[in-house]
Amino acid sequence: MSNSNRVLKLGLPKGSLQDSTIELFGNAGFHFSVQSRSYFPSIDDDELEAILIRAQEMAHYVELGAFDVGLTGKDWIIETGADVVEVADLVYSKASMRPVRWVLAVPENSPIKTVKDLEGKHIATEVVNITRKYLESNGVTAAVEFSWGATEVKPPDLADAIVEVTETGSSLRANKLRIVETILESNTKLIANKSSWDDPWKREKIESMALMLQGAINAQGKVGLKMNAPESALEAITAMIPALRQPTVSHLAHNQWVALEVIVLEREVRKLIPELKKAGAEGIFEYDINKLIN
């Protein structure tokens, strides 16, 4: 089969990560169109074919070869025990740019203070295997029951404790639950089927995708700044710029003036631009960046 007829089967996580994943791929240059109630997004790349599926099932189907490549959490790779290639870490989530946590939580007034206090207790969770291994590693015997959802409402009547995923802890606090311990940190990973990874064309396609996705993540929260300044102000301006690298400086046709270009954190711009103006910079403008390749 010629490369022009090759297709890479991509699994995208449906549910809480769907919107942030579609946005991430868009910033990376892969533009999906998702129709309401459809599990088959269209894509502006004839070499890609995508299906939306729950992240909990992704690693299993990638291992089987139903997908060549997919995105799922480290937690679900561990939970399912899937034998896949972990191509890249993609640290993003539905609410923040940090890993999520699986935590042991109990009611605020529970006497449970540590994992040791779970001996003989009843725990509800979606990650049964992870929880059982955690208890075993701590020498604790307890009943672990799979939770089909709404796990936060189960203590104290339906469970003594839960193991639940959280980004900020706000949902747990809203349900009057207290975090006892963090048992696992997880982030999204790009994973590949082992046979697909051994295929030269598919591997190159997957590695290119990983590069662009990581570039899109690197660019998040950053912007570019361009400006002109007199050479006499250059030292002062470069000293105040919190650059990822030294700014790019080029001489202008006008004698004794230079142009500067730099990438900075967006949250710093509101304070930085007035300082640059005071230092002598002119023609300052800010622009978005979609990808930053290290």
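Q: Where does Lys-176 lie?
A: Lys-176 is placed in the loop between helix 5 (170-174) and strand 11 (177-186). Helices (H or I, at least four residues) and strands (E, at least two) are DSSP runs, numbered from the N terminus. The model is predicted: local features need pLDDT of at least 70, side-chain atom pairs count only at pLDDT 80 or more, and totals for chains, interfaces and linings use all residues. Residues are numbered from 1 along each chain as its sequence is written, and side-chain values use heavy atoms, with hydrogens and water left out.

Q: Why is Lys-176 called exposed?
A: Its relative accessibility is 57%. A residue is exposed over 50% relative accessible area, buried under 20% and partly exposed in between (1.4 Å probe, protein chains only), and Lys-176 therefore counts as exposed.

Q: What makes Leu-177 a buried residue?
A: Leu-177, found in strand 11, has a relative accessible area of 5%, which places it among the buried residues. Leaving aside neighbours within four places in sequence, Leu-177 is in contact (heavy atoms within 4.5 Å) with residues including Ala-105, Val-106, Glu-152, Pro-155 and Leu-172.

Q: How do you know whether Gly-169 is buried or exposed?
A: The relative accessible area of Gly-169 is 3%, so the residue is buried. Gly-169 is located in the loop between strand 10 and helix 5. Its C-alpha atom is 10.0 Å from that of Val-100, although the two residues are 69 residues apart in sequence.

Q: Why is helix 1 described as largely enclosed by the rest of the structure?
A: Eight of the 11 residues of helix 1 are buried, and the helix is therefore largely enclosed. Among the buried ones are Gln-18, Thr-21, Ile-22, Leu-24, Phe-25 and Ala-28. The buried residues of helix 1 pack against strand 1 (8-14), strand 2 (32-33), strand 4 (48-54), strand 5 (69-73) and helix 7. Just after helix 1, Gly-29 takes a positive phi of about 105°.

Q: How is helix 1 oriented relative to helix 7, and why is that term used?
A: Helix 1 (residues 18-28) and helix 7 (residues 200-219) pack at an angle of about 105°, with axes 8 Å apart. Helix 1 is therefore roughly perpendicular to helix 7. Angles of 65 to 115 degrees carry that term, those under 35 count as roughly parallel, those over 145 as roughly antiparallel and the rest as oblique. Axes are lines fitted to C-alpha atoms, for helices over the stretch in contact, and angles run from 0 to 180 degrees between N-to-C directions.

Q: Which residues make the contact of helix 1 with helix 7, and what are their classes?
A: Helix 1 contributes Leu-24, Phe-25, Asn-27 and Ala-28, and helix 7 contributes Met-209, Met-212, Leu-213, Ala-216 and Ile-217. The contact has eight nonpolar, one polar and no charged residues. Ala, Val, Leu, Ile, Met, Phe, Trp, Tyr, Cys and Pro count as nonpolar, Asp, Glu, Lys and Arg as charged, and the others, Gly among them, as polar.

Q: How many aromatic pairs are found in the whole structure, and why is that of Phe-25 and Phe-30 called edge-to-face?
A: A search of the whole structure finds five aromatic pairs. The ring centres of Phe-25 and Phe-30 are 5.9 Å apart and their planes stand at 70°, so the pair is edge-to-face. Rings of Phe, Tyr and Trp (its six-membered ring) pair if their centres lie within 6.5 Å; planes under 30 degrees apart count as stacked, over 60 as edge-to-face and the rest as tilted.

Q: What makes Phe-25 and Phe-30 buried?
A: Phe-25 has 0% relative accessibility and so counts as buried. Phe-30 is buried with a relative accessible area of 11%.

Q: How do you know the geometry of the pair formed by Phe-25 and Phe-32?
A: Their ring centres are 5.4 Å apart and their planes are at 80°, so this pair is edge-to-face. Phe-32 is buried, as is Phe-25. Ring pairs link Phe-25, Phe-30 and Phe-32 into a cluster.

Q: Which ring does Lys-14 lie over, and at what distance from the ring centre?
A: Lys-14 lies over the face of Tyr-39, at 4.8 Å from the ring centre. A charge sits over a ring if NZ of Lys or CZ of Arg is within 6 Å of the ring centre and within 35 degrees of the ring normal. The charged end of Lys-226 likewise sits over the ring of Tyr-287, 5.9 Å from its centre.
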